[in-house]
Amino acid sequence: MRHNFSILFLFFFLVPAVCLAQFQIANEKKEAAANTSKYGPQLGVSEKQVLRAGIIIEPGANMTDVSVSVPIPMEWNEQKILKIDEKIDAALSGKIKYNVINGGGKEAIFDLGKMRPHRQVEIVVTVELENYELLPPTQTDCYVIPKRMPQDVAQFLKESPKIESNKHQRIFLKMYNDITKDKTTDWEKVEAVYRYVQDNVKYNDAGAGREAKGAYALTQMPAGQWEGDCKDMCSLFAAICRAGKVPARLVQVPGHCYAEFYLQLNEETETVDNAADGAKKAKNAAAMPKGFWFPCQVAGTYSFGGIPERRVILQKGDSFPDKEKDRGRAKKQFMSECFEGQLVPGSPQPEFRWIREVKATL
């Protein structure tokens, strides 16, 4: 008789794609480059960092169908992957494959097959990244809440774990309408939501490392006593935005998260911009309006439309498979590490530890 063995951990420091994924990384670079524009947030000061992550497996356990998966950082406009190195112990067999999840998360999967290490073995991936701060736009009245948008953006109008914008839409829509009723531009409306969350939720990091309470849970606290950590505050911001038809999502960095919201250029700005290039005017006129993701530091010093963060971006989004529940059909806000396999009867439990470290380069 065989026994199932599966352990998952919340992953705060992630590994990058390795050399076999260069084609995927090239595509991510291409997509990130396509998002550059004179509009939207602009790149500021950068910082180079080295990330090491992986797993060390101690000798002794006898297992089959062994698989290790770890989330890995993706290429974004403000995050460049410069160099990747990998170290896989020669005692391990198997292959590496990669999955992009919901357009904002990526995982590396190490299929190791049978494993009974007679000595300590390890898998370590090292990546050099360059991360940029984002500067807010100087002109903001040209941005509007989108009436139509790409499907990969529209998904961030839907409910997700701890962001109950559909189930409790009445609550969040009323909040959005009350908060924005005196605002003129769509930018001002989103900024009003941002200020509301900062002003009405007391930051408390006592829940660091646990799941978020969630947006709805905050609204059920006594008036004047709302409090939560960065996950809770970002969840509330996203729920109110989504109720008002503003796409919003969470961005995870090591030990922290902030939020992003999506706005598009208005028709007047689009027309002027297209007219500057007459040869492409007709083609551009029929294309999807230009849209941009803008960051905001919900829990922390005021930063709206731009952000000084230069930490490694671990994921963008807030709905990923929870491999601990319903074989991954259940969802959770943040991606997880996973070590799983079939434990051979009579074998001791496997012992292992994760390697996670990020260091700035000189």
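Is Ser 69 buried or exposed, and what is its relative accessible area? Ser 69 is buried, with a relative accessible area of 3%; buried means under 20% relative accessible area, exposed over 50%, and partly exposed in between (1.4 Å probe, protein chains only).

The model is predicted, so that local features need pLDDT of at least 70 and side-chain atom pairs count only at pLDDT 80 or more, while totals for chains, interfaces and linings use all residues. Residues are numbered from 1 along each chain as its sequence is written, and side-chain values use heavy atoms, with hydrogens and water left out.

**View 1. Overview of the protein.** The secondary structure comprises 8 helices and 18 strands, where helices (H or I, at least four residues) and strands (E, at least two) are DSSP runs numbered from the N terminus. Of the 362 residues, 52% count as buried.

**View 2. Surroundings of Ser 69.** Ser 69 belongs to strand β3 (residues 63-72). Apart from neighbours within four places in sequence, Ser 69 is in contact with residues including Glu 107, Ala 108, Ile 109 and Lys 323; contact means heavy atoms within 4.5 Å. Between the C-alpha atoms of Ser 69 and Ile 55, 14 residues apart along the chain, the separation is 9.9 Å.

**View 3. Helix α3 and its buried face.** Helix α3 (residues 169-180) has 12 residues and reaches 16 Å from its first C-alpha to its last, close to the 16 Å expected at 1.5 Å a residue; the expected span is 1.5 Å times one less than the number of residues. Its buried residues are Phe 172, Met 175, Tyr 176, Ile 179 and Thr 180. Seen down the axis of α3, these fall within an arc of 105°, so they line one face of the helix; the arc is that of the directions from the helix axis to the C-beta atoms. Arg 170 and Lys 174, on the other side of α3, are exposed. The buried residues of α3 pack against α4, α5 (215-219) and α6.

**View 4. Crossing of helices α4 and α6.** The axes of α4 (residues 186-200) and α6 (residues 230-243) come within 10 Å and cross at roughly 145°; axes are lines fitted to C-alpha atoms, for helices over the stretch in contact, and angles run from 0 to 180 degrees between N-to-C directions. Residues making the contact include Val 190 and Tyr 194 of α4, and Met 233 and Phe 237 of α6.
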